[in-house]
2 protein chains.
Amino acid sequence: MRKITIGDAARQSGVKVPTIRYYESIGLLAAPSRSEGNQRSYEPADIRRLAFIRHARELGFEVGSIRTLLALQDDPDQSCASADAIAKARLIEVEQRIRSLMALKAELEIMVEGCGHGRVDQCRVIEVLADHGQCMHPHH
Amino acid sequence: MRKITIGDAARQSGVKVPTIRYYESIGLLAAPSRSEGNQRSYEPADIRRLAFIRHARELGFEVGSIRTLLALQDDPDQSCASADAIAKARLIEVEQRIRSLMALKAELEIMVEGCGHGRVDQCRVIEVLADHGQCMHPHH
DNA sequence: CTTGCACCTCTAGTCGCTAGAGCATGTAGG
DNA sequence: CCTACATGCTCTAGCGACTAGAGGTGCAAG
């Protein structure tokens, strides 16, 4: 019960084994203590930290931002203004990405609908790609 | 007028100079003829190909798919079934990505709204990240 | 005691570029 | 013709965030 191996840590946190080692190598996760046979031995706090990282990565935060968020978490007396700023910036990114993907979706739909399933020289997919003037959505 | 330099090709196609050389190196664009002084000299057809590539990249197609699409374009007698399949697959990807980004957006909004602008230990941003159980959107 | 999985380190590869070093070439003005 | 200076050339290395593989060690069950 005492010793959490890297495999258990992976199962409990949802972060893959090589990724855990990678996070250690870039200093996102502190190097844990080692067993007699040089195997990593994690504490419950490490698992929580890994879960935090994983969730943040799933939300699309980059490692630099996560580093800041973790530093804030480690010092709960601090103002959460930075955390708020990071989350807000990410929100704006996500909103922009959604908008651009919607435009893209519309363009792809036109392409797919316009495909007559015949020969390439009548195919709207190729045609739209070849001539951007035919693209009605000025997303780029 | 005859010789299009790589710089002109870049300006006309919207693909950056180093990127053009990169596309040549991976075989996406054929190596053009060279001037006396070993400088690349492009034809209008190359510019069209670069514009095609650029548009496809903007639509998020990966290089492997673009290779297939270009091969199809080069042989207009072929059935456009593959082009259709590639575009459809990309459309499904985009739709999934939009769905997941919408869930993500909702989660980020909760985080940002819940931030009391006080100390970190009351901040919902950090809290939600630390405990995925508090995340109401089962997007992952 | 042996089998076999989990763990270790280290290097290299992925994708689609981008940046930089250190040269050669092409062009416009004086 | 000479000089600047932009643009071109090749080559190597770096980015982010992992992922894969080689080649070796640790450990628990049968």
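A:Glu109 has a relative accessible area of 25% and is therefore partly exposed (buried means under 20% relative accessible area, exposed over 50%, partly exposed in between, with a 1.4 Å probe and protein chains only). The structure is a predicted model, in which local features need pLDDT of at least 70, side-chain atom pairs count only at pLDDT 80 or more, and totals for chains, interfaces and linings use all residues. Residues are numbered from 1 along each chain as its sequence is written, chains are lettered from A and ligands numbered from 1 in the order in which they are written, and side-chain values use heavy atoms, with hydrogens and water left out.

The side chain of A:Glu109 meets that of A:Lys105 in a salt bridge, with an N to O distance of 3.1 Å (a salt bridge is a side-chain nitrogen of Lys or Arg within 4 Å of a carboxyl oxygen of Asp or Glu). Both residues lie in helix H5 of chain A, four residues apart, about one turn of the helix (helices, H or I with at least four residues, and strands, E with at least two, are DSSP runs numbered from the N terminus). A:Lys105 counts as partly exposed because its relative accessibility is 23%.

Over all chains, a search of the whole structure finds 14 salt bridges. One of them pairs A:Glu24 with A:Arg40, the closest N and O atoms being 2.7 Å apart. A:Glu24 lies in helix H2 of chain A and A:Arg40 in strand E2 (residues 40-41) of chain A, so the pair ties together parts that are 16 residues apart in sequence. A:Glu24 and A:Arg40 are both buried. In chain B, a salt bridge joins the side chains of B:Arg49 and B:Asp74, at 3.2 Å from N to O. This pair links distant parts of the chain, with B:Arg49 in helix H3 (residues 44-58) of chain B and B:Asp74 in helix H4 (residues 63-74) of chain B, 25 residues apart. B:Arg49 counts as partly exposed because its relative accessibility is 23%.

The contact between the protein chains takes 51 residues from chain A and 51 residues from chain B (contact means heavy atoms within 4.5 Å). The area buried between chain A and chain B is about 4,500 Å², of which carbon and sulfur atoms give 76% (buried area is the accessible area, with a 1.4 Å probe, that two parts lose on being put together, summed over both). Between chain A and chain B there are zero salt bridges. Two residue pairs are in polar contact between these chains, both at pLDDT 80 or more (a polar contact is a pair of N or O atoms within 3.5 Å; within protein, one must be able to donate a hydrogen and the other to accept it, and residues adjacent in sequence count only if both atoms are side-chain atoms). On the side of chain A that touches chain B, two or more residues each come from helix H3 (44-58), helix H4 (63-74), helix H5 (81-113) and helix H6 (124-130) of chain A. H5(A) gives the most to this side, with 19 residues. The residues of the side of chain A that touches chain B divide into 29 nonpolar, nine polar and 13 charged (Ala, Val, Leu, Ile, Met, Phe, Trp, Tyr, Cys and Pro count as nonpolar, Asp, Glu, Lys and Arg as charged, and the others, Gly among them, as polar).

DNA strand C is surrounded by 18 residues, of which A:Gly7, A:Arg21, A:Arg40, B:Tyr23 and B:Arg57 are the closest (a residue is near a molecule or strand if one of its heavy atoms lies within 4 Å of it). Sugar or phosphate holds 89% of the atoms of DNA strand C within 4 Å of the protein, and the rest belong to bases. H2(B) gives the most to the surface near DNA strand C, with three residues.

Around DNA strand D there are likewise 18 residues, and A:Tyr23, A:Arg57, B:Gly7, B:Arg21 and B:Arg40 come nearest. A side-chain N or O atom of A:Tyr23 is 2.7 Å from a phosphate oxygen of DNA strand D. The residues of the surface near DNA strand D divide into four nonpolar, eight polar and six charged.
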